[in-house]
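Please find below a short note for a colleague who is new to this entry. The points are numbered so that each may be checked against the displayed coordinates.

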Amino acid sequence: MNTVSKAVAVSKANKRFGDVEAAKDISFEVEAGEIFGLIGPNGAGKTTVIRMLMDIIKPDSGDIRILGEPFREATKNRMGYLPEERGLYKKLTVVDTLSYLASLKGTSGSATRQRATMLLERTGMLPHQHKKVEELSKGMAQLIQFIATILHDPDLVIFDEPFYGLDPVNTKLLKDMVSELRKQGKTIILSTHMMNEVEELCDRILMINKGRSVLYGDLKEIKTRYRTDSVFISIEGELGRIDGVVTTRDHGTYQELVLDGKTSPQSVLANLVNRNVTVNRFEVAVPPLSEIFIQIAKGQGE
Amino acid sequence: MNKTLTIFRHELLVTLKRTSFILVTLAAPLLMLVGYGIYQGVQSWYHPSQPETKMIGYVDQAGDFDQYTSLGATFVPYPGEEEARESLLSGEISEYFVIPNDYVSTGLIVRFTMKRALEAPPQTVETIEGFLISNLIGGETSTEVLERAKTPIILNSIRLDEAGNEMKGQDPFLQFFMPYIFAMLLMISIFFASGYLLQSISEEKENRLIEVLLSSVSARQILVGKVLGLGVAGLAQIVLWVVSLWVVVDVGLASIPGLGTISMPPSLLILAITYYVLGYLLFAVIMAVIGSIGTTARESQSWSSIVALTATLPMFFLTVIIENPNHAIAVALTLFPMTSSVTAMMRLPSGGIPVWQLSVSLALLAAAILFCMWAGAKIFRTCLLMYGKRPSLREIARYIREA
């Protein structure tokens, strides 16, 4: 690993396409060895930011440093990129595809072949290695693209919507593999519009909307900040009156108690326990990222 | 540079393994052989191997035409037209002719045949001519003179320059066919290579692989690797065709005068190959860039046809270029990069090109290639990522400035 702890440092990056401001004053840093979530709705500018990181497009202004230095052609060898729009050579076999794409990253030889076999084994694709890509299902092809992205053992990997269109089994498989990459000390940037899907994976996030950064920082800290003053409960018997609860909303299998802001969730729980009510579920309501986003987007619109 | 090589090798191997490529490559020589076979078959069917048994009747009213009756055909004398006509109708002879008594002064011969033909077959005319000439002067001169009288001229023209030296390349084959063949080869290469390039780039653009490629290598490396890889594949195809054409020519057409003795001065060959390679490179780069601009393969195809047409422009001025190489049009076409290689191919064998034109044209061509490579890589890089929208000319100009 590089001794520099910042895997990515973007400062005040701007990019216009005609009248569209695809990125406006975007600044963020990605620590080495973390999973960083780049989230936002479709068309927010995520892909533009990623393409600027990959030097596929150049920012109109701003500074971008990758793995501790300005982008050089050789930097590409240390990065892996799974684009959102993806495809493979239809007529090429799986192994030929992998070895060609790896050689474009400057790696080849028996070590690469071994790693390819290991990754094919891990994803259950080994029996298909000599098939042509056109014979594979869409999900299988997506696994091959995932392997191609990490085959050259990159230090920084960028996945753009990696789980999109995958079945639950393969989604789980790839999420596990992403977690393993982090354990190996790799830095990972996950870009997705399915915000809830990646909440469990990310350490820190940058949320963008309409080309602007709207939320940036540690995921846990953000969630605490956007905590609504309410708890979810599921109990047996009557709820009765509890001090400090302003409203009660019924969600079918559970109820949401909105607190007055002065009462802590602990005192509500204590109240219930004291009254000998059987509590099946008690949870401090933390809004999912998507709701935080909606909240922010509303605020921006006003 | 290493990655350029990787792309080069990949493109070359993928193209060589492509079924359509193999089919087209093998089909052309096969077609040539089949065509030659059919030609031979038709020839021998239409002209059954020479009229040794051909019986030609004649009525000699002038007198003294009674010798050399088995020269080229069997000439059967008849005392009168009635008898000759009967023999023709009964099929004993294939035709007959009448030598009137004033033939020596008029030269008039009346021929009767039952076959439908626009005019008398040249071979028959030649045979009858031989018979008549032999009878006219056969007794009065030697056989050598007699033979010369039958074939009085075998022409060999030599052109002299101002200093009185023989000018090279006056072979009629070199003068007309070689320019034509070279120009055709170059144009075929351009058309085929542009096809492969468009296909390859459109494919990568349509299946979105291009983004993975651009995240691994630079646009310039992709461009150069592709142009060279597909270029070598196209070159291999052309070489195979030329070799098989050579074989067919050697085996089949050696009898045709001029074709058997093709020889080219080495300096001419080197210049021809230089123009060929440079001409190909220029068009290949332009075609690759067009492939990146078009949103679909079909759209790119129509644009590329327009560009490819400029390569054929010199063909329209073929006569001017070959017969009057110093004409302003010929000079302009020699200097303009997009037409210079085809034009040079035409002019080189027929008397050469002045040194200043050669050097200016080669320099312009090389400069054009470098410019297109430079500007192309920039357009290429931007346009490859644009789906669904074709950029306007003004936007393209902006990409070149900004990228």
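1. In this predicted model, nine residue pairs are in polar contact between chain B and chain A, with both residues of each pair at pLDDT 80 or more. On the side of chain B that touches chain A, the elements that give two or more residues are α1 (2-17), α7 (172-206) and α8 (209-214) of chain B. By class, that side of chain B comprises nine nonpolar, seven polar and six charged residues.

2. The rule finds one salt bridge across the interface of chain B and chain A. Arg51(A) and Glu211(B) meet through their side chains in a salt bridge, with an N to O distance of 2.9 Å.

3. As to the extent of the interface, 22 residues of chain B are in contact with 25 residues of chain A. The two chains, B and A, bury about 2200 Å² between them, and 56% of this area is on carbon and sulfur atoms.

4. A separate point concerns Ile238(B), which lies in helix α9 (residues 219-252) of chain B. Is Ile238(B) buried or exposed? Its relative accessibility is 6%, and the cut-off for a buried residue is under 20%; Ile238(B) therefore counts as buried.

5. Which residues does Ile238(B) touch, not counting those up to four places away in sequence? They are Leu185(B), Ile188(B), Ser189(B) and Tyr276(B). Leu185(B) is 53 residues from Ile238(B) along the chain, yet the C-alpha atoms of Leu185(B) and Ile238(B) are separated by 7.4 Å.

Methods:
Residues are numbered from 1 along each chain as its sequence is written. Chains are lettered from A and ligands numbered from 1 in the order in which they are written. This is a predicted model: local features need pLDDT of at least 70, side-chain atom pairs count only at pLDDT 80 or more; totals for chains, interfaces and linings use all residues. Side-chain values use heavy atoms; hydrogens and water are left out. Contact means heavy atoms within 4.5 Å. Buried area is the accessible area (1.4 Å probe) that two parts lose on being put together, summed over both. A salt bridge is a side-chain nitrogen of Lys or Arg within 4 Å of a carboxyl oxygen of Asp or Glu. A polar contact is a pair of N or O atoms within 3.5 Å; within protein, one must be able to donate a hydrogen and the other to accept it, and residues adjacent in sequence count only if both atoms are side-chain atoms. Helices (H or I, at least four residues) and strands (E, at least two) are DSSP runs, numbered from the N terminus. Ala, Val, Leu, Ile, Met, Phe, Trp, Tyr, Cys and Pro count as nonpolar, Asp, Glu, Lys and Arg as charged, and the others, Gly among them, as polar. Buried means under 20% relative accessible area, exposed over 50%, partly exposed in between (1.4 Å probe, protein chains only).
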